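Hi,

Here is the structure I said I would pass along.

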Amino acid sequence: MKSTTDTHRWRTIDIVVASVIAVAFGVIFWAWGLVWSATEGAFAFFPPAQALLYGVWLMPAVIGGLVIRKPGAALYCETVAAVLSALLGSQWAGTVIPQGIVQGIGAELAFAAFRYRSFRLPTAVLAGALTGLSAALFDFFIWNVDYELTDYRIPYALITIVSATVIAGAGGWLLTKALANTGVLDRFPAGRDRALV
């Protein structure tokens, strides 16, 4: 029987696949920043509603945790993706790096709460919600501090959490399940245990 230390030790393939997830999402982050800027006018009727798009930026934390299933995977994937998006020229510059760390910690807390033993839909949804909460708190005190509290900051924070729960949480779980069904994750528990992803 494997010890907890053995099951939580990162293999080379874990590092490689986590890095691939992070790099792919780093490029997506950069592109999503362009989408965010292009859609500002569409949300002029209620600017906080733009946070409906937020969940995409939080997906690597949830997917990394679901695929790698090791302590630090959610944090690693979200942080590396944020670093890459900054290097690619994110309009928010280097601030996205500490932001990615904070967001990754949110998802990491959900997986840690179950001692890295549960990777079902409720855990993914909780990871999405907590990474959304951490993102909302970061934005509340860093990006949105000059905005009005009840008309902007609070609705923006709540919509961010909802977006993260649905897109990063449920969406990340569905994407992981879809990848597992293709067989590309067969060297991971997510691939071998397809029915439980």
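Below are my notes on salt bridges, aromatic rings, a surface patch and the database record.

Some ground rules before the details. This is a predicted model, so to speak: local features need pLDDT of at least 70, side-chain atom pairs count only at pLDDT 80 or more, and totals for chains, interfaces and linings use all residues. Residues are numbered from 1 along each chain as its sequence is written, and side-chain values use heavy atoms, with hydrogens and water left out.

**Salt bridges**

Searching the whole structure turns up 2 salt bridges (a side-chain nitrogen of Lys or Arg within 4 Å of a carboxyl oxygen of Asp or Glu). One joins Arg-11 to Asp-14, with the closest N and O atoms 2.9 Å apart. The other joins Asp-14 to Lys-70, at 2.6 Å between the closest N and O atoms. Asp-14 lies in helix H2 (residues 12-38) and Lys-70 in the loop between helix H3 (59-68) and helix H4 (73-87), so this pair ties together parts that are 56 residues apart in sequence. Helices here are DSSP runs of H or I with at least four residues, and strands are runs of E with at least two, numbered from the N terminus. Through shared partners, Arg-11, Asp-14 and Lys-70 end up in one network.

How covered are these residues? I call a residue buried under 20% relative accessible area, exposed over 50% and partly exposed in between (1.4 Å probe, protein chains only). Asp-14 is buried at 0%, Lys-70 is buried at 9%, and Arg-11 is partly exposed at 33%.

**Aromatic rings**

Rings of Phe, Tyr and Trp (its six-membered ring) pair if their centres lie within 6.5 Å; planes under 30 degrees apart are stacked, over 60 edge-to-face, and the rest tilted. That rule gives 11 aromatic pairs. One of them is Phe-140 with Phe-141, an edge-to-face pair with 5.1 Å between centres and 70° between planes. Phe-140 is buried at 18% relative accessibility, while Phe-141 is exposed at 55%. Tyr-152 and Tyr-156 have ring centres 5.5 Å apart and planes at 20°, so that pair is stacked. They are 4 residues apart in helix H7 (residues 149-182), which means about one helical turn separates them. Tyr-152 and Tyr-156 are both buried. They also belong to one aromatic cluster with Trp-36, Tyr-54, Trp-57, Trp-92 and Tyr-147.

Arg-153 sits over Phe-140, 3.9 Å from the ring centre, and Arg-11, already in a salt bridge with Asp-14, sits over Phe-188 at 5.2 Å.

**Database record**

The unreviewed UniProt entry annotates residues 12-31, 51-68, 123-142 and 154-175 as "transmembrane region". Those positions are in the numbering used here, feature names are shortened, and annotations may be inferred rather than shown by experiment. In the model, residues 12-31 are 100% helix and 0% strand, with 29 Å between the end C-alpha atoms. Residues 154-175 are also 100% helix and 0% strand, with their end C-alpha atoms 30 Å apart.

Cheers

Terms used
Lys NZ or Arg CZ within 6 Å of the ring centre and 35° of its normal.
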